[in-house]
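Trainee: Could we go through the side-chain packing of this one together? I would like to see how each conclusion is reached.

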Amino acid sequence: MSAVPYSLERWMAPFAALFTRPTWRHALVLVAGALLTPGRRTVTAALSVMGRREDGGFAKFHRVLNRNRWSSRTVAQRLLTLLVTSFVPQGPVVIGIDETIERRWGPKIKARGIYRDPVRSSHGHFVKASGLRWMVVMLLVPIPWAGRVWALPFLSALAPSERFARETGRRHKKLTDWARQLLLQVRRRVPDRPVIAVADSSYAAIELLRDLRAHLTVITRLRLDARLFEPAPPRPPGTMGRPRVSGARLPSLTQRLNDPATAWQRVRVTGWYGGEERQLDIASGTAQWYHPGKQVAIRWVLVRDPHGAFEPQGLLCTDLQADPLMVLCWFIRRWAVEVTFAEVRRHLGVETQRQWSDPAIARTTPALLGLFSLVTLWANEISAEMAIRPRAAGWYAKAEPTFNDALAAVRFQLWSETTFSLSTLGGESAKLLGAGLNRLIQAVCFPA
């Protein structure tokens, strides 16, 4: 039976007070196993790579996920504090919010639904997927040693379908309701810093923007045909009837695109989708986005490529004083969200876990998503002492480290301590060294 590497205990120390002592010892084994196993992220795979296949008390490790008392939300709050302290010590905190489908099957998974698959679908092709829908909030921050923005998950919530709510007698919450709740939780956790939330067009809802604008700034897409108006004029004294809710109609973004009088500003944007630098034209202004019965004040930003490489896009920001160029720069950080969703599937085994009880499902996927951020934190600490070099090859030129390289650096640290560090007792060193090498060989020979 092997011990947890010292580095992992030190890295995980900020979370120790959130668990009971027995649960904490078992949780450390699961975290170490999830990091070191190269295949599925099941409890049994984690125990196997940690050398505990002969442990008869394996049920206690399952209980960490499906029964033991600890709060995922409290863990998420602690993780956010660590991320902000390490990567955003000052200035605005930029976060992204989006949903993803965890493709899962099985009659015992009660919250499973049928959703549009955002990865396999396109504008002209609709693909459905069976699984769990998760809404994830991530910190969008430049990683110094990686040379680009990464999206670091810290808070996740299961957002079931309307059919699940109807069958279980619960109140259905729309995606905008979940987004409102999660973003306000972040605001309460970061009370003294500007918070900027970046989202796609699914969250461009007037009610959501109106409810959040007093607490944080939201940046999302804006339809080119959105109805824009001037603010309502002051009401003259003695005027009869109901007060006006909006002023004169303003040109839509489509009309501004076709208007030769539109004032364009030529800007250079680094970190465009794919990491390249691009020259763009932007125009901006303020308006009331109005729909009968609801409205919100916004700053709109119209973006076009002078060479016509992509279709013009409209953005909105709930901060009327925001700089249009910064609005665009903050919005393009959202691309890192999709990269993270792909990375956690490829390297951390999301969708390979096999829990079916409701508490275990509600904890396992958020834990694997949070592990992405923890690996980034730990790799950042390692990079202060040793450069994290990208694993390149003659057939694959790679200039900057990716998450795969960060995970490899963390694994190297843990395997080095487990396998190659010598015990202070000379008689024990050979035995420990042989057991560690055996675990490493077993992990290579049985990756699944």
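Mentor: Happy to! Keep in mind that this is a predicted model.

Trainee: Is α12 largely enclosed or open, and how many of its residues are buried?

Mentor: Buried means under 20% relative accessible area. α12 has 26 residues and spans 38 Å from first C-alpha to last, close to the expected 38 Å. It is largely enclosed by the rest of the structure, because the number of its 26 residues that are buried is 19.

Trainee: How many residues apart in sequence are the parts that Phe-19 and Trp-70 tie together?

Mentor: Their rings form a tilted pair, 5.2 Å centre to centre with 40° between the planes. Phe-19 is buried at 15% relative accessibility, and Trp-70 is buried at 16%. Phe-19 lies in the loop between α1 and α2 and Trp-70 in the loop between α4 and α5, so the separation in sequence is 51 residues.

Trainee: Which ring does the charged end of Arg-304 sit over?

Mentor: A charge counts as over a ring if it is within 6 Å of the centre and within 35 degrees of the normal. Lys-108 has its charged end 4.5 Å from the ring centre of Trp-356. For Arg-304 the distance is 4.0 Å, and the ring belongs to Trp-264.

Notes: Residues are numbered from 1 along each chain as its sequence is written. This is a predicted model: local features need pLDDT of at least 70, side-chain atom pairs count only at pLDDT 80 or more; totals for chains, interfaces and linings use all residues. Side-chain values use heavy atoms; hydrogens and water are left out. Helices (H or I, at least four residues) and strands (E, at least two) are DSSP runs, numbered from the N terminus. The expected span of a helix is 1.5 Å times one less than its number of residues. Buried means under 20% relative accessible area, exposed over 50%, partly exposed in between (1.4 Å probe, protein chains only). Rings of Phe, Tyr and Trp (its six-membered ring) pair if their centres lie within 6.5 Å; planes under 30 degrees apart count as stacked, over 60 as edge-to-face and the rest as tilted.
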